[in-house]
6 protein chains.
Amino acid sequence: MSTATPIPAYAAYEHFLISLPAPFVAHVEINRPRKLNAFSRPMWLEFRSVFTQLSADADVRTVVLSGAGDRAFTSGLDVQAAEQDGTLKGGDGADVARKAKGLRNHIEEFQECISAAEKCEKPVICVLHGISIGLAIDISCCADIRICASNTRFAVKEVDIGLAADIGTLARLPKIVGSTSWVKDVCLTARDFSAQEAVAVGFVSQVHESKDKALQAAVAMAAMMAEKSPVAVQGTKELLNYGREHNVADSLQYTKVWNAGALQGKDFMQAIMSGLKKTKPRFEKL
Amino acid sequence: MSTATPIPAYAAYEHFLISLPAPFVAHVEINRPRKLNAFSRPMWLEFRSVFTQLSADADVRTVVLSGAGDRAFTSGLDVQAAEQDGTLKGGDGADVARKAKGLRNHIEEFQECISAAEKCEKPVICVLHGISIGLAIDISCCADIRICASNTRFAVKEVDIGLAADIGTLARLPKIVGSTSWVKDVCLTARDFSAQEAVAVGFVSQVHESKDKALQAAVAMAAMMAEKSPVAVQGTKELLNYGREHNVADSLQYTKVWNAGALQGKDFMQAIMSGLKKTKPRFEKL
Amino acid sequence: MSTATPIPAYAAYEHFLISLPAPFVAHVEINRPRKLNAFSRPMWLEFRSVFTQLSADADVRTVVLSGAGDRAFTSGLDVQAAEQDGTLKGGDGADVARKAKGLRNHIEEFQECISAAEKCEKPVICVLHGISIGLAIDISCCADIRICASNTRFAVKEVDIGLAADIGTLARLPKIVGSTSWVKDVCLTARDFSAQEAVAVGFVSQVHESKDKALQAAVAMAAMMAEKSPVAVQGTKELLNYGREHNVADSLQYTKVWNAGALQGKDFMQAIMSGLKKTKPRFEKL
Amino acid sequence: MSTATPIPAYAAYEHFLISLPAPFVAHVEINRPRKLNAFSRPMWLEFRSVFTQLSADADVRTVVLSGAGDRAFTSGLDVQAAEQDGTLKGGDGADVARKAKGLRNHIEEFQECISAAEKCEKPVICVLHGISIGLAIDISCCADIRICASNTRFAVKEVDIGLAADIGTLARLPKIVGSTSWVKDVCLTARDFSAQEAVAVGFVSQVHESKDKALQAAVAMAAMMAEKSPVAVQGTKELLNYGREHNVADSLQYTKVWNAGALQGKDFMQAIMSGLKKTKPRFEKL
Amino acid sequence: MSTATPIPAYAAYEHFLISLPAPFVAHVEINRPRKLNAFSRPMWLEFRSVFTQLSADADVRTVVLSGAGDRAFTSGLDVQAAEQDGTLKGGDGADVARKAKGLRNHIEEFQECISAAEKCEKPVICVLHGISIGLAIDISCCADIRICASNTRFAVKEVDIGLAADIGTLARLPKIVGSTSWVKDVCLTARDFSAQEAVAVGFVSQVHESKDKALQAAVAMAAMMAEKSPVAVQGTKELLNYGREHNVADSLQYTKVWNAGALQGKDFMQAIMSGLKKTKPRFEKL
Amino acid sequence: MSTATPIPAYAAYEHFLISLPAPFVAHVEINRPRKLNAFSRPMWLEFRSVFTQLSADADVRTVVLSGAGDRAFTSGLDVQAAEQDGTLKGGDGADVARKAKGLRNHIEEFQECISAAEKCEKPVICVLHGISIGLAIDISCCADIRICASNTRFAVKEVDIGLAADIGTLARLPKIVGSTSWVKDVCLTARDFSAQEAVAVGFVSQVHESKDKALQAAVAMAAMMAEKSPVAVQGTKELLNYGREHNVADSLQYTKVWNAGALQGKDFMQAIMSGLKKTKPRFEKL
């Protein structure tokens with residue numbers, strides 16, 4: 001379990017620990033280290049709540065996400081728990097069409113919970129370490145930036161438990177690394193891949209020798225972003241995510257309308273003035 | 001010419017040899033080595049038939065594609081044959097608009113034949129070696145994974161014969177490697193690029209010292225996939241291809257509906273049980 | 001200031017120098033070296049005119065773009081000039097909604113001017129060197145191929161002046177390099193990155209030891225393209241750009257219709273004949 | 001206020017009355033007749049809850065939506081309440097960029113609440129009557145079928161209060177009636193239009209002489225749907241909504257995957273058997 | 001059974017009769033009147049062949065489609081035959097995931113066969129008469145123009161046999177009539193609708209007092225189109241279908257490329273010259 | 001020729017007369033009545049200039065467009081002029097591929113000129129009268145609202161001159177009327193249709209007994225819009241046009257960002273206050 005001091009506003013969460021390692025930087029830890037941070041349904045529901053709250057919290061400008069403990073970011077779905085709560089079956093005794101509805105509803109809820117990290121209006125930096133398989137990939141694909149420890153063991157593990165990954169990996173991974181040949185290799189074979197391979201293909205941006213070093217690098221990067229205009233930073237995240245999903249013409253149009261509002265804020269002039277005067281600007285909360 | 005024993009159900013093909021190097025793994029060889037495996041119209045029509053049959057064949061779970069012989073995967077279009085059968089002209093004596101219709105129909109048929117490798121519901125691993133230019137790139141872009149021999153000579157050769165590549169390279173290549181600057185370089189200059197360059201940009205996943213080694217690696221990878229649940233593997237291919245063409249929201253929705261059926265199959269529980277019992281699961285044909 | 005001899009038809013431009021370093025190759029230099037080639041509004045209006053003229057000029061087949069002088073490709077927006085001409089404010093005294101309209105119109109005009117390099121029907125090779133920040137990235141993302149000098153200092157600098165980049169970087173950068181993790185890192189932190197980093201992630205295709213060497217390489221590549229069929233080269237640029245914005249099915253359809261016209265031109269047969277006769281083809285202007 | 005008996009599971013709602021006028025048919029009444037059923041923020045939050053609950057409720061197969069009382073379906077936004085709760089201002093004292101964020105969040109929440117009627121998996125039949133302006137159009141555009149009383153006074157009223165409608169009318173109205181010339185006329189002039197005009201352009205399907213008659217017709221239609229296979233009915237709603245947003249190829253593909261699950265349910269065989277035996281089928285809950 | 005004389009090239013079809021009621025006009029009759037022209041699998045396979053052949057046949061410029069006999073255009077799927085050939089089950093004994101694959105393949109084949117009428121490059125005018133339910137709607141939605149007899153009994157019948165229509169009605173109907181409220185009414189209730197209702201909502205363009213009169217009108221319209229330039233007519237069909245599926249910018253771009261070839265044909269000048277000389281132009285086959 | 005007094009700022013146009021029939025309402029007349037207002041290239045270039053100027057002119061809030069004279073709105077392309085200026089040929093002596101480029105450029109310029117009416121930020125009401133064929137339909141499809149005189153003779157005439165309409169009719173008409181069966185009928189037959197038919201299918205919103213009456217109605221409608229908040233009116237036009245081209249989710253998102261700026265303007269509060277005080281609001285220019 002983590003030893004960081006939780007931010008009071010987030011103290012009630014059971015499965016996540018949220019602390020403040022630097023001004024305006026929230027550190028979210030998946031906090032079930034005895035179970036390798038495996039996810040049960042209450043956890044992914046809480047995951048959504050955490051990121052929804054962070055998105056609206058003007059005291060937070062960037063988020064760092066890691067697992068608690070040394071062994072795993074997360075080992076993925078807690079299969080045992082999933083069997084017990086019945087969500088994988090779509091309803092006992094029902095016919096195929098009715099089970100299909102149950103399963104669709106289950107998958108949709110699960111997808112929406114994990115997508116909360118992507119929808120969070122603040123940049124999210126994911127620190128992967130140790131066992132990082134299955135759902136670990138789905139989650140990290142929702143982050144903006146991925147950094148990892150050299151001991152990370154990655155795998156898109158789903159075909160090994162007889163299913164196609166359905167919480168986002170197959171939708172997002174091809175859009176966040178360049179080589180489709182590599183994406184299909186790891187998704188179709190479910191083989192492990194290393195930190196070195198992850199950085200070579202561009203899945204992660206940095207590898208550090210330990211989880212601690214990786215965390216420090218992530219917090220430093222987060223702190224750097226947190227000093228900048230939150231209007232500029234959050235706008236940049238929004239426009240990059242929009243750009244991934246739309247053609248250039250649509251993106252330029254959306255950008256234009258977005259900045260027609262944003263440029264009227266004070267941050268723009270404040271940043272320019274600070275630049276000219278060589279002072280450090282301070283921006284209002286957002 | 002290849003010396004492998006053809007699978008009887010595929011023995012009638014003239015230009016392709018289909019053998020079974022491992023359980024559930026089909027090896028397709030382009031079999032016109034004296035002509036550097038260049039393609040004439042009967043060959044691309046047959047190419048479509050081969051992959052359509054493989055897609056529906058429950059005894060096949062993965063496909064490896066290579067050229068026969070040592071010299072070439074394929075040198076591309078058999079230009080001489082193309083001139084003789086007249087398809088490049090769109091009909092003699094016709095006016096421009098009528099020739100245009102002839103050419104559209106010709107290109108569409110050719111595109112559809114080559115796209116059969118992409119539409120095949122089983123993963124296709126393409127082994128490139130020797131001369132691999134022009135149509136070789138169109139074909140390999142339809143495969144899921146690309147592996148090559150170190151002697152491979154790659155080129156998007158079409159501008160050198162006065163045309164923009166129209167059988168798929170320009171549509172698919174920008175979606176399967178990350179660097180557009182590189183894609184435009186090789187497509188606009190028609191220059192050769194090497195195996196080393198191909199792996200560095202992510203066009204291929206592995207380089208091996210010889211065609212044989214590359215083939216062995218491909219068959220090993222194919223065999224590994226063939227042992228897994230075909231419901232999971234084929235679903236993963238489908239969802240990754242869907243994800244390439246749709247935004248994340250659409251992909252998540254399609255995934256949800258897809259898995260609402262797939263998860264009710266036996267493979268999911270079987271794979272989980274085997275995982276718990278540390279036994280090797282055996283899956284029904286698909 | 002550049003010492004090249006301008007092409008007469010382009011001699012009237014104030015802020016750009018256009019010369020002819022090789023047959024059919026135009027070299028465009030951003031020509032305000034004393035101000036680090038920073039852009040004021042008259043410059044981006046002229047930038048559009050230059051590229052619109054090049055696109056229609058049958059004596060030009062490829063374009064190389066660089067900055068004049070040793071210090072910078074461009075340091076981006078001339079902030080002082082922008083403040084003076086008032087475009088950043090969207091109209092004095094107006095209410096928020098009216099200023100928003102002014103800003104939208106300003107951004108749209110600016111975007112369209114820079115996009116002229118992308119719309120230019122001839123390939124554009126961008127040579128980056130020295131200071132290459134802010135607008136330098138927007139501009140270079142519109143080029144087809146990027147080459148740089150080893151001394152290049154790159155940065156997506158906009159968040160440091162309090163805004164989200166709105167002239168195209170956020171729309172195009174994720175589509176031209178593979179690693180989204182890297183894209184978000186450089187866009188959200190505004191940190192500098194080096195030539196080595198740029199080539200490693202695929203943003204540029206080549207690094208050379210000096211601006212001169214980089215320019216020579218670019219001109220050589222441009223000259224190589226200029227010898228080929230302009231029907232083939234310009235068609236290839238068009239189809240690759242189309243492919244980036246559309247799914248594969250749409251791309252194949254558009255390709256088919258495009259080539260149904262292009263294949264009826266003389267270049268195709270001429271190139272094939274030259275290939276058979278081992279002679280060098282000469283193509284008509286386009 | 002309505003005199004119908006509420007379904008117990010929905011009795012706690014303050015602003016909506018939900019009764020059961022026929023088996024499996026829920027009747028939702030907007031229940032603030034003294035204020036012409038105008039919407040305040042608590043009401044649209046509750047609107048979302050009501051439709052989310054109905055969507056998941058296996059005892060409900062179709063929904064009829066109307067206003068309580070004789071005077072209005074709804075007169076739209078309760079402007080006075082909106083001013084008091086401050087949501088229209090995006091935060092006091094904030095600068096333009098920060099207010100813009102506040103307003104975006106406010107509009108998004110409002111849009112999502114109203115869209116709940118569209119996302120409801122059961123068909124929704126909207127009965128319009130009396131004053132039906134502004135938000136009334138946004139809401140009714142989310143229903144599947146619109147029926148009205150002859151006294152209905154319709155208007156897309158937003159331009160008269162100085163804004164472009166932002167809760168869905170401008171996004172959906174052009175997709176649900178055929179004549180764009182008519183859509184722009186009513187949206188740009190904010191003029192009233194009558195029940196007769198509404199049925200002539202296809203905005204509503206039926207006009208009845210009174211609210212009571214319109215409600216009876218709606219309940220009868222809802223009851224008719226409620227007797228059919230819920231697998232078939234809910235699938236049909238889903239596929240029609242999907243079809244509105246996608247091209248034909250995508251729609252056919254999604255349909256295929258959807259029905260591959262649905263056809264394995266019992267309803268299909270049961271319905272066919274009942275057809276052959278001329279008996280009335282009874283379907284399990286969904 | 002029809003008494004028309006079949007065109008020899010189409011005489012071998014078993015379930016369709018193809019005659020030539022006017023120059024360049026083919027009349028296709030669904031020819032199984034004793035079974036109300038209900039469709040079994042061999043029929044839809046043949047339907048595809050017929051329309052593929054017509055599309056390529058330069059002696060045909062427009063197609064009229066009707067049912068043979070007085071009683072029905074078609075009563076839809078031959079349910080009995082479908083049960084016997086097992087296609088509705090997706091394979092006996094298989095598990096849910098494997099049956100799902102069988103069903104997907106079955107639906108896809110069926111969809112592709114019916115879509116052949118839409119893909120036919122010549123305009124298709126559908127004459128509906130008598131019983132026209134279920135598959136009749138799927139088929140007629142693939143035609144370009146719909147005309148009907150006053151006795152036509154229309155219904156989107158699928159929910160009454162426990163399924164969502166999956167052969168195209170739900171994908172195409174919302175795109176070919178304006179009122180979504182009407183579309184959802186008829187699709188969700190499966191109720192009959194009359195010729196008068198069909199013409200009022202724009203589903204059909206004309207109602208005639210009898211099947212014979214409707215056929216005469218269709219043949220007259222088809223003959224009128226057949227006298228015009230086939231380059232212009234087939235181009236118009238292509239561009240209208242493209243326009244339905246793409247945004248305006250994409251459509252204008254595709255149109256531009258299409259006509260850059262088409263305008264170089266002889267028909268354009270020939271038509272203009274004939275217009276000036278008041279003579280009747282004669283166009284070459286296409 | 002028109003007898004209205006031109007607005008001085010628009011007096012220099014040769015082919016268009018722009019007057020001010022009501023406050024903030026511009027009336028644009030196509031002013032070549034002796035030639036039935038047929039369009040030559042200088043006219044469509046000027047058409048673009050007129051609408052670009054109107055779009056930016058804060059003294060104009062709505063535009064009415066008609067033909068000058070009694071006989072025609074416009075008879076379309078001036079074919080004789082087109083032949084003389086050579087634009088229809090794509091360059092003499094060139095090969096097919098080079099002519100294709102010439103034609104693409106010609107069509108693109110023509111399309112962009114006519115699209116200026118659609119891009120104009122102010123609502124455009126088109127009054128059709130007398131001969132209104134060919135280009136008349138392309139132009140009127142770019143207007144927001146269509147009104148006509150009872151003597152209007154409409155036709156999508158292009159197939160009669162041997163080509164598929166390429167200036168926008170085939171891209172826009174299917175999106176602005178509901179019945180595709182009707183659209184294909186008129187586009188494929190090139191037949192005339194009447195004012196009565198046009199209003200019945202929703203192509204026009206009103207028919208008046210004479211051109212004068214139609215113009216009066218158009219000016220009255222335009223004046224009504226011109227009294228409202230221009231922020232609201234122009235926003236509504238923008239969002240409706242956006243909605244036509246995007247799915248509902250994209251539209252709602254764009255709407256949200258748009259209104260986050262627009263709602264901070266003064267018009268919103270001013271309009272609400274005027275509503276409460278029953279006074280007539282006056283809005284600043286835009």
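A helix axis is here a line fitted to C-alpha atoms over the stretch in contact, and the angle between two axes runs from 0 to 180 degrees between N-to-C directions. Helices (H or I, at least four residues) and strands (E, at least two) are DSSP runs, numbered from the N terminus. The structure is a predicted model, in which local features need pLDDT of at least 70, side-chain atom pairs count only at pLDDT 80 or more, and totals for chains, interfaces and linings use all residues. Residues are numbered from 1 along each chain as its sequence is written, while chains are lettered from A and ligands numbered from 1 in the order in which they are written.

Confidence comes next. The predictor's confidence in each residue, pLDDT, goes from 0 to 100. In chain A the mean pLDDT is 95, and 99% of the residues reach 70 or more. For the complex, the predictor gives an ipTM of 0.96 and a pTM of 0.96.

Helix α1 (residues 41–56) and helix α3 (residues 96–119) of chain A have axes that come within 8 Å and cross at roughly 25 degrees. That angle makes α1(A) roughly parallel to α3(A). Angles under 35 degrees count as roughly parallel, over 145 as roughly antiparallel, 65 to 115 as roughly perpendicular and the rest as oblique. The crossing of α1(A) and α3(A) is left-handed (the near helix is turned anticlockwise from the far one by less than a right angle; if clockwise, the crossing is right-handed). Two residues are in contact if their C-beta atoms, placed from the backbone, lie within 7 Å. From α1(A), the residues A:W44, A:L45, A:F47, A:R48, A:F51, A:T52 and A:S55 meet A:F110, A:E112, A:C113, A:I114, A:A116, A:A117 and A:K119 of α3(A). By class, this contact has 9 nonpolar, 2 polar and 3 charged residues. Ala, Val, Leu, Ile, Met, Phe, Trp, Tyr, Cys and Pro count as nonpolar, Asp, Glu, Lys and Arg as charged, and the others, Gly among them, as polar.

Helices of separate chains also pack together. The axes of helix α5 (residues 169–176) of chain A and helix α9 (residues 230–245) of chain B come within 8 Å and cross at roughly 50 degrees. The two helices are therefore oblique to each other, and α5(A) passes α9(B) in a right-handed crossing. On one side the contact is made by A:L170, A:A171 and A:P174, and on the other by B:T236, B:L239, B:L240, B:G243 and B:R244.

Chains D and F supply another pair. Helix α6 (residues 180–189) of chain D and α9(F) have axes that come within 9 Å and cross at roughly 150 degrees. This makes α6(D) roughly antiparallel to α9(F). The crossing of α6(D) and α9(F) is right-handed. Here D:V183, D:K184, D:C187 and D:L188 meet F:V233, F:T236, F:K237 and F:L240, a contact with 5 nonpolar, 1 polar and 2 charged residues.

The whole contact between these chains takes 47 residues from chain F and 37 residues from chain D. Among the elements of chain F that give two or more residues to the side touching chain D are β7 (145–149), α8 (211–226) and α10 (248–262). The residues on that side of chain F divide into 23 nonpolar, 16 polar and 8 charged.

How are the copies arranged? Two copies of a chain are related by a rotation about an axis and a shift along it. Copies are superposed by least squares on the C-alpha atoms of residues with pLDDT of at least 70 in both. A rotation of 120 degrees with 0.0 Å of shift along its axis superposes chain F on chain D, with an RMSD of 0.0 Å. That is the relation of a three-fold axis. The C-alpha of chain F nearest this axis is that of F:G178, 2.1 Å from it. The copies use different surfaces, as 6% of the contact residues of chain F recur in chain D.
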